[in-house]
Amino acid sequence: MKKAYFITTFILFLLTFVSLDSFAQEKVDFRINLDAGACFEVESAIISVSENNMVKKESKNEVTTVVRYQVVKKTSDFYRLNFMYTDFYSVATGIKEFTIDPKSADALNIFDGSTQVSMMMNKPFSADVSPKGKIYTVKENKEIENEFKQKTKNLSPELSSQISFMVNSFSGNEALVELIESWASYIPDSVVDIGDSWTVRKDSALTRYTFVAETDSTYSIKGVGSKKTTVNNEIMGMSMTVNTEEEYTIAIEIDKHTFLPNIINRESDALITGNMQNNPALSNHQSKSKNILTLKINGCN
């Protein structure tokens, strides 16, 4: 009798163990899951509030950019994405208020910021991206570069260089890579469980991510990081060094089906110091800024 009781108890124990094990959390392989022909839009909105020790006045700037992506080829190793800027506008308050609307820009005024942006709108770029968000290649649009060269051929080298800087900040290789990394750089290399952490390094930025939660339709990831940069610029014969120290937090909500983020919120505090060697009066320039970046990913209309 005791033996039968022992066997029954042992079987119940095994069944309980198997039952608990069947409900155990499975590790997640964060891997982009899109079909060929899929289309999505990434809307990024940056709100920046800064205070300058020289101007002694707070300024606020809001910039919104919309980029549309389409999967034109899918293999087991990569997605080929065609993408383009479809909207861009900016509103600044504090020192000066203005709006940039490339849809109504004066295309004849090459010096106007709206014109420069409008010449890059709705023109395709291309990139090959792995399911883990690694960027293999990025293809720039040479038509944009040629168009700007044609329109600036009669300008002085200095003015032409300034306009080229604006163009490259939107359509150069580095800018295009950053567009994709803004929504894909968090993906871990290996499978992870809730509570697991991993680190992503990009240039001088170091971010530590943690898989924190799961719902029926989404996963949640949190990140903390810091970044230090030094930029040397020469403008109209004057040399300036700008140092930036930044700390930030990131919250990401990821769709369980596509493994694209539904939304990314990034909040940062930065200290910026500037030194202009040729002009002591403008040296020791210092400003503090608080930036909130929100990325939303939606299907195409």
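**Disulfide and aromatic contacts**

Student: Is Cys300 buried, partly exposed or exposed?
Tutor: This is a predicted model, and its values are computed. Cys300 has a relative accessibility of 25%. Buried would need under 20%, and exposed would need over 50%. With 25%, Cys300 therefore counts as partly exposed.

Student: Which residue does Cys39 join in a disulfide?
Tutor: The structure has a count of one disulfide. Two cysteine sulfurs must lie within 2.5 Å to count. Here the S to S distance is 1.8 Å, and the partner of Cys39 is Cys300.

Student: How many residues apart are Cys39 and Cys300?
Tutor: Cys39 belongs to strand β1. Cys300 falls in the segment after β12 (285-299).

Student: Is the disulfide of Cys39 and Cys300 left-handed or right-handed?
Tutor: Look at the torsion about the S-S bond. For Cys39 and Cys300 it is about -80°, so the disulfide is left-handed.

Student: What is the relative accessible area of Cys39?
Tutor: Partly exposed covers the range between buried, under 20%, and exposed, over 50%. Cys39 is partly exposed because its relative accessible area is 26%.

Student: Are the rings of Phe30 and Phe211 stacked or edge-to-face?
Tutor: The structure holds 14 aromatic pairs. In the pair of Phe30 and Phe211, the centres are 5.4 Å apart and the planes make 85°. Planes over 60 degrees apart meet the cut-off, so this pair is edge-to-face.

Student: Which strand holds Phe211?
Tutor: Phe30 sits in the loop between α1 (2-22) and β1 (39-52). Phe211 is 181 residues away. Phe30 is buried at 2% relative accessibility, and Phe211 is buried at 0%. The strand that holds Phe211 is β8.

Student: Are the rings of Tyr69 and Phe83 stacked or edge-to-face?
Tutor: Their centres lie 5.2 Å apart, with 25° between the planes. Planes under 30 degrees apart pass the cut-off, so Tyr69 and Phe83 are stacked.

Student: How many residues apart in sequence are the parts that Tyr69 and Phe83 tie together?
Tutor: Tyr69 lies in strand β2 and Phe83 in strand β3. Tyr69 is buried at 0% relative accessible area, and Phe83 is buried at 2%. Both belong to one aromatic cluster, whose members include Phe40 and Trp183.

Student: Which residue has its charged end over the ring of Tyr248?
Tutor: The charged end lies 4.1 Å from the ring centre of Tyr248. The distance cut-off is 6 Å. The residue is Arg266.

How values were computed
Residues numbered from 1 in each chain as written. Predicted model: local features only at pLDDT ≥ 70, side-chain atom pairs only at ≥ 80, totals over all residues. Heavy atoms only, no water. Phe/Tyr/Trp six-rings, centres within 6.5 Å; stacked < 30°, edge-to-face > 60°. Helix = DSSP H or I, 4+ residues; strand = E, 2+ residues; numbered from the N terminus. Buried < 20%, exposed > 50% of the residue type's maximum accessible area, 1.4 Å probe, protein only. Lys NZ or Arg CZ within 6 Å of the ring centre and 35° of its normal.
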